[in-house]
Amino acid sequence: MDISNEASVDPFSIGPSTIIGRTIAFRILFCKSISHFRHQILHVFLNLVYRFRNLVAPMVTWLHPRNPQGILAMVSIIAFLLKRYTNVKQRAEMAYRRNFWRNMMRTALTYEEWAHAAKMLDKETPKMNESHLYDEELVRNKLQELRHRREETSLRDIIFCMRADLVRNLGHMCNPELHKGRLQVPRLIKEYIDEVSFQLRMVCDSDSEELALEEKLAFMHETRHAFGRTALLLSGGASLGAFHVGVVRTLVEHKLLPRIVAGSSVGSIMCAVVATRSWPEVQSFFEDSLHSLQFFDQMGGIFTVVKRVMTQGAVHEIRQLQMMLRHLTSNLTFQEAYDMTGRILGITVCSPRKHEPPRCLNYLTSPHVVIWSAVTASCAFPGLFEAQELMAKDRSGEIVPYHPPFHLDPEEGSGTRVRRWRDGSLEIDLPMMQLKELFNVNHFIVSQANPHIAPLLRMKEFVRAHGGNFAAKKIPLDAQVSGDREIDPSGSAFKGEGAPGRSLP
């Protein structure tokens with residue numbers, strides 16, 4: 001018989017062995033731990049109350065319902081909480097209404113709808129502090145100075161001072177943030193504009209022998225040159241260019257159409273219509289003649305299109321457009337249109353030649369070019385229309401090629417080469433620099449209908465908001481509309497919720 005000091009014990013399990021049993025056991029232990037934790041917290045709280053009973057007792061006595069001070073304190077606390085809840089609710093309702101009217105402005109189809117939404121938004125928006133957006137003190141001082149000068153001095157003194165002081169962006173009052181989403185300009189700026197306009201009309205309408213007519217004309221020309229001019233730019237955009245009609249119609253109805261209009265591709269069509277008509281004719285055109293803007297014929301059958309592509313390299317036939325433009329513009333040249341209406345027309349065209357820069361045709365650079373010829377060349381997008389030759393009037397009034405064909409060298413072959421031009425929006429969609437240099441334009445109303453530009457414009461606004469104007473200037477060229485009014489492709493809803501207000505001429 002062996003005796004050993006080691007004892008053997010068989011293994012056995014502690015607690016439940018099934019999953020359900022273990023789950024029940026875990027729940028019981030967890031609940032017991034939570035209950036123990038609550039008792040511990042209550043115990044700590046009672047100890048704190050017991051230690052600070054000397055401080056708590058007077059407060060409880062002070063808040064007793066029989067104590068008037070306690071009742072007053074309770075009523076004040078309840079009133080504060082109710083007022084705070086009411087203010088939060090009112091602010092939420094106002095924010096909802098403001099968002100509603102902003103959405104109405106963005107989706108407006110007519111200027112009247114946009115104006116109503118903007119008026120309601122002004123009512124719902126608290127008066128903002130505008131002092132950080134422009135120099136109120138400077139504008140107010142200039143306004144007082146103008147009024148004092150009008151009451152105390154002569155016309156010659158008014159002319160002398162106005163030629164030195166009249167600037168367009170006085171105190172940065174053309175800041176776009178001042179006019180975004182607002183129907184009216186700030187009151188102080190409006191008073192300044194009205195006062196300057198009144199004094200200009202006073203000089204113009206004066207019958208005094210103190211000022212000769214030649215002096216008035218010289219003053220107006222010199223003041224306009226220093227003040228700068230406004231131009232309307234209409235971009236290309238194929239069928240989306242029809243939205244330009246709504247933009248121009250709105251400007252005409254409110255008598256805000258600038259004297260300088262320029263465009264490319266389909267935008268040049270609308271510019272040509274406006275620049276070849278007197279003011280009454282422009283007004284009646286938008287009332288009676290919009291049906292005449294049916295430029296493009298049917299493409300024809302598949303065999304006709306294939307034949308046209310093989311022979312001309314274009315899908316559409318441009319002759320229908322030429323016939324309609326000749327009817328609308330009456331074979332006028334740029335110089336003749338300017339002499340007849342006083343409006344300056346600019347149309348951009350590009351050359352297929354590699355190193356030749358694009359051109360902005362107008363009455364200074366190409367006075368004898370026929371307008372319908374320039375428009376068809378500006379619409380000649382590669383693949384859709386064949387490149388066009390510019391036509392002009394000679395001394396006898398006959399229509400001849402603007403660039404006569406030149407002969408090829410003998411080693412290159414026989415025949416002549418015709419100089420043709422194509423769509424201006426390919427390289428110079430908005431001829432801002434050309435208009436600045438030629439006509440002293442420093443303010444633009446832009447109707448941009450090219451869909452690929454919209455993301456760039458939004459990027460420009462985002463960068464300007466977060467990175468400043470310097471960073472915004474680095475946005476690609478097509479999105480550079482810095483400091484100008486931009487109109488989105490809705491035809492009447494003005495981009496950024498801002499519509500053009502009346503400004504100095």
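Reader: Which residues of α16 are buried?
Author: In this predicted model, the buried residues of α16 are I371, W372, S373, A374, V375, T376, A377 and S378. Eight of the eight residues in α16 are buried, and the helix is mostly covered.

Reader: What angle does α16 make with α14?
Author: About 145 degrees, with the axes of the two helices 9 Å apart. Here α14 spans residues 319-329 and α16 spans residues 371-378. The crossing of α14 past α16 is right-handed.

Reader: And which residues make the contact?
Author: From α14 it is L321, Q322, L325, R326 and T329, and from α16 it is I371, W372, V375 and T376. Sorted by class, the contact has five nonpolar, three polar and one charged residues.

Reader: Why give an angle and a distance for two packed helices?
Author: Because those two values, the angle between the axes and the distance between the axes, are how two packed helices are described.

Reader: Where is I318?
Author: I318 sits in the loop between α13 (302-312) and α14.

Reader: Why does I318 count as buried?
Author: Because its relative accessibility is 4%, and the cut-off for buried is under 20%.

Reader: What does I318 touch?
Author: T376, F385 and Q388, once residues up to four places away in sequence are set aside. T376 is also one of the α16 residues in the contact with α14.

Reader: How far apart are the C-alpha atoms of I318 and A380?
Author: They are separated by 8.3 Å, while the two residues are 62 residues apart along the chain.

Reader: Switching to strands. How many residues of β1 are buried?
Author: Six of six, over residues 229-234.

Reader: Which strands pair with β1?
Author: One is β10, residues 441-447, which pairs with β1 in the parallel sense over six bridges. Within that pairing L234 stands opposite S447. Another is β2, residues 260-263, joined to β1 by four bridges and also running parallel. There, L233 has A262 as its bridge partner.

Reader: How does the chain cross from β1 to β2?
Author: Through helix α10, residues 243-253, in a β-α-β crossover that is right-handed.

Reader: Which way do the residues of β2 point?
Author: I260 and A262 point one way, V261 and G263 the other, and all of them are buried.

Reader: Which residue of β3 is the bridge partner of A262?
Author: G346. The strand β3 covers residues 344-350 and runs parallel to β2, with four bridges between them.

Reader: New topic. Is E195 buried or exposed?
Author: Buried, because its relative accessible area is 8%, under the 20% cut-off. E195 lies in α8, residues 187-205.

Reader: What is E195 in contact with?
Author: Leaving aside neighbours within four places in sequence, E195 is in contact with L143, L146, R147 and R150.

Reader: Last one, the whole chain. How many helices and strands?
Author: The protein chain has 18 helices and 11 strands. Of its 505 residues, 38% count as buried.

Reader: What share of the contacts is between residues 24 or more positions apart?
Author: That share is 70%, taken over the contacts in the protein chain with a separation of 6 or more.

Technical notes. Residues numbered from 1 in each chain as written. Predicted model: local features only at pLDDT ≥ 70, side-chain atom pairs only at ≥ 80, totals over all residues. Heavy atoms only, no water. Buried < 20%, exposed > 50% of the residue type's maximum accessible area, 1.4 Å probe, protein only. Pairing = 2+ DSSP bridges. Right-handed = clockwise from strand over helix to strand, strands pointing away. Axes fitted to C-alpha atoms, helices over the stretch in contact; angles between N-to-C directions. Left-handed = near helix turned anticlockwise from the far one by under 90°. Contact = heavy atoms within 4.5 Å. Nonpolar A, V, L, I, M, F, W, Y, C, P; charged D, E, K, R; others polar.
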